[in-house]
Amino acid sequence: MDRYEFYTGQSFDAYEYLGAHDVPTGTVFRTFAPSAAGVCVVYGESRSVQEMRPICDGNFYEAYIEGIGPDTPYEYRIYLRNGQYVDHCDPCGFGMELRPQHRSIVRSLSGYKFRDAQWMAQRKDCLEKPLNIYEMHLGSWKKKSEAADGWYRYDEIGAFLIPWLKECGYNYVEFLPLAEHPLDESWGYQNTGFFSPTSRYGDLNQLKELIDQLHQNGIGAILDFVPVHFAADRYGLAEYDGTPLYEYPNQAVGISEWGSCSFMHSRGEVRSFLQSAANYWLKEYHFDGLRMDAVSRLIYWQGDPARGVNGNAVDFIRSMNQGLKERNPGCILIAEDSTSFPGVTKAVGQGGLGFDYKWDMGWMHDTLEFFQTGPEYRPEHYHKLTFSMMYYYDERFLLPFSHDEVVHGKATILQKMNGDYAGKFPQARALYMYMMVHPGKKLNFMGNEIGHFREWDEKREQDWQLLTYPGHDAFRRYIAELNRLYLTHPALSQWDYRREGFHWLDCHQESRCIYGIQRKSEGETLAAIFNLGAAPQEDYCVEVRGKKADVLLYSDWERFGGATPEKKEHCTLKEDTLTVSLAPFSGILLRIIPEQP
């Protein structure tokens with residue numbers, strides 16, 4: 001680690017110097033605590049104490065302890081200027097005890113050998129490829145037992161997860177934060193160990209094995225990363241050396257809306273800490289990307305545009321993103337941002353923030369509100385489904401149905417659909433076809449693919465017994481087939497961010513709630529027609545140039561729980577006129593065969 005780079009916020013490798021590093025005869029401990037009166041290592045089950053010596057400019061402390069190595073618990077005893085002391089976990093520790101214990105654990109970074117060289121050499125940012133993300137909370141996807149801590153280990157869950165991802169047609173999985181956190185209910189968003197994989201599911205080598213397994217099966221892995229705030233627990237980063245070392249000293253901006261401490265991004269050492277943590281997950285674990293949480297709270301003070309832009313934090317985002325892309329070829333950086341701040345996905349060299357994708361929160365809200373609306377009121381809300389294309393090309397958007405939309409009384413995606421139990425399924429099938437046909441990469445939270453009715457609860461596994469019900473099993477098969485079409489038809493992804501890739505065939509059928517969309521790529525043209533009203537639509541006509549239209553998928557087919565036999569002829573294409581008959585709340589996806597030149 002270059003100390004000048006560390007102080008000036010340019011370091012991406014601080015963890016290689018700081019933290020606990022095992023050597024052949026023992027372990028070397030280092031920490032940064034510039035305002036401490038002294039520091040000791042408290043280690044082992046006997047809680048032995050070893051004084052650390054100040055090194056370099058006196059702001060760093062170091063101790064070598066012979067004869068101890070991996071799996072040894074430890075913490076730093078920080079002596080304050082008033083004569084008292086506080087025991088802290090290691091800010092750069094690579095492992096921690098299972099909550100409610102909170103000491104760090106010595107872990108070796110060199111204990112696992114990856115076998116995914118081919119994947120790492122070929123991975124891309126997917127700008128012109130399909131990106132279908134399965135978002136999941138690892139501890140509540142599937143459990144060994146109903147016990148509170150009945151989780152599968154990182155290296156165990158792949159045996160169940162990988163076949164499911166393949167069966168359902170997802171080519172990436174995104175994990176809610178896996179950095180150590182004390183409270184299950186925070187879902188990992190209030191961290192105490194930014195370099196420590198949570199011990200709930202095992203250790204760092206077992207996590208590396210999971211990522212390796214995913215890559216060897218052609219599945220990418222994205223990690224939810226939290227660069228805005230950290231848990232206020234006394235043993236964590238809060239007042240680490242007796243002063244606000246990582247957080248703002250002023251509580252007006254130092255305490256977040258979640259009651260956690262806000263990182264002070266104007267400080268070089270904090271920038272280096274966060275950049276190094278982000279790089280650590282990409283480099284050491286081979287994660288393929290990071291989804292950055294609460295980016296709006298970085299852009300604006302406390303996330304409020306009325307308070308103005310936080311220029312130092314914006315500079316930090318640009319520097320971090322640019323550095324991560326340079327160091328990790330093909331990695332994907334995603335912003336969770338609901339603001340209209342310009343240039344979030346523009347390159348840093350062009351004045352942007354340097355993200356690859358931004359969550360399209362507007363599309364998500366408008367779409368779900370439309371499908372929650374009663375059919376009789378949909379004509380007046382018709383353009384909720386067309387508005388997104390008015391701003392779509394301002395950024396590179398990703399369409400999210402995330403964990404945030406299935407908790408806190410919001411109801412699950414299926415439950416949100418208007419109507420009674422049976423009436424929700426056809427609308428959800430049409431909803432997901434619309435999502436797949438709309439430009440932008442995709443994200444779907446676990447449980448949505450089986451029509452989950454119960455809101456997500458981090459303490460319980462998904463209601464897998466739903467698959468014994470014909471309606472839910474048919475819905476799963478529909479989602480899987482829709483996803484496979486998305487993965488195999490370039491027109492649905494290759495030109496996501498080129499205007500020629502999308503065209504409204506018809507977006508002025510307000511009274512009938514019919515929509516027509518055309519998607520194109522190099523060598524392929526698809527069309528989708530939707531009837532989102534309660535009345536069947538017979539012989540609807542729209543201009544489509546081509547020789548023939550082949551049906552790829554119809555959401556009302558009987559095998560998906562609909563009412564239409566699959567052998568029934570659904571459409572004709574003659575003299576550039578496409579004629580379609582559609583059941584209520586249905587969508588049809590067609591491949592257009594062009595005329596011979």
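Start by selecting arginine 498 and tryptophan 495. Arginine 498 sits over the face of tryptophan 495, 4.3 Å from the ring centre. Keep in mind that this is a predicted model.

Next, select lysine 142 and phenylalanine 160. Here too a charge lies over a ring face: lysine 142 is 5.8 Å from the ring centre of phenylalanine 160.

Now show the aromatic side chains. The structure contains 58 aromatic pairs. Zoom in on tyrosine 392 and phenylalanine 397. Their ring centres are 6.1 Å apart and their planes meet at 40°, so this pair is tilted. Tyrosine 392 and phenylalanine 397 are both buried. For tyrosine 392, the relative accessibility is 0%; buried means under 20%.

Colour by secondary structure and trace the chain between the two tyrosines. Tyrosine 392 is in the loop between helix 11 (388-391) and strand 20 (397-401). Tyrosine 497 is in the loop between helix 14 (470-488) and strand 22 (502-509). The pair links distant parts of the chain, 105 residues apart.

Last stop: the largest pocket. It holds about 400 Å³ of space. Select Trp258, Asp293, Ala294, Glu336 and Asp404, the closest to the pocket centre of its 19 lining residues.

Technical notes. Residues numbered from 1 in each chain as written. Predicted model: local features only at pLDDT ≥ 70, side-chain atom pairs only at ≥ 80, totals over all residues. Heavy atoms only, no water. Phe/Tyr/Trp six-rings, centres within 6.5 Å; stacked < 30°, edge-to-face > 60°. Buried < 20%, exposed > 50% of the residue type's maximum accessible area, 1.4 Å probe, protein only. Helix = DSSP H or I, 4+ residues; strand = E, 2+ residues; numbered from the N terminus. Lys NZ or Arg CZ within 6 Å of the ring centre and 35° of its normal. 1 Å grid on protein atoms, 1.4 Å probe; cavity = no way out; pocket = protein on both sides within 12 Å on 5 of 7 lines; lining within 4 Å. Points joined across faces, edges and corners; volume = space filled by probe spheres on them.
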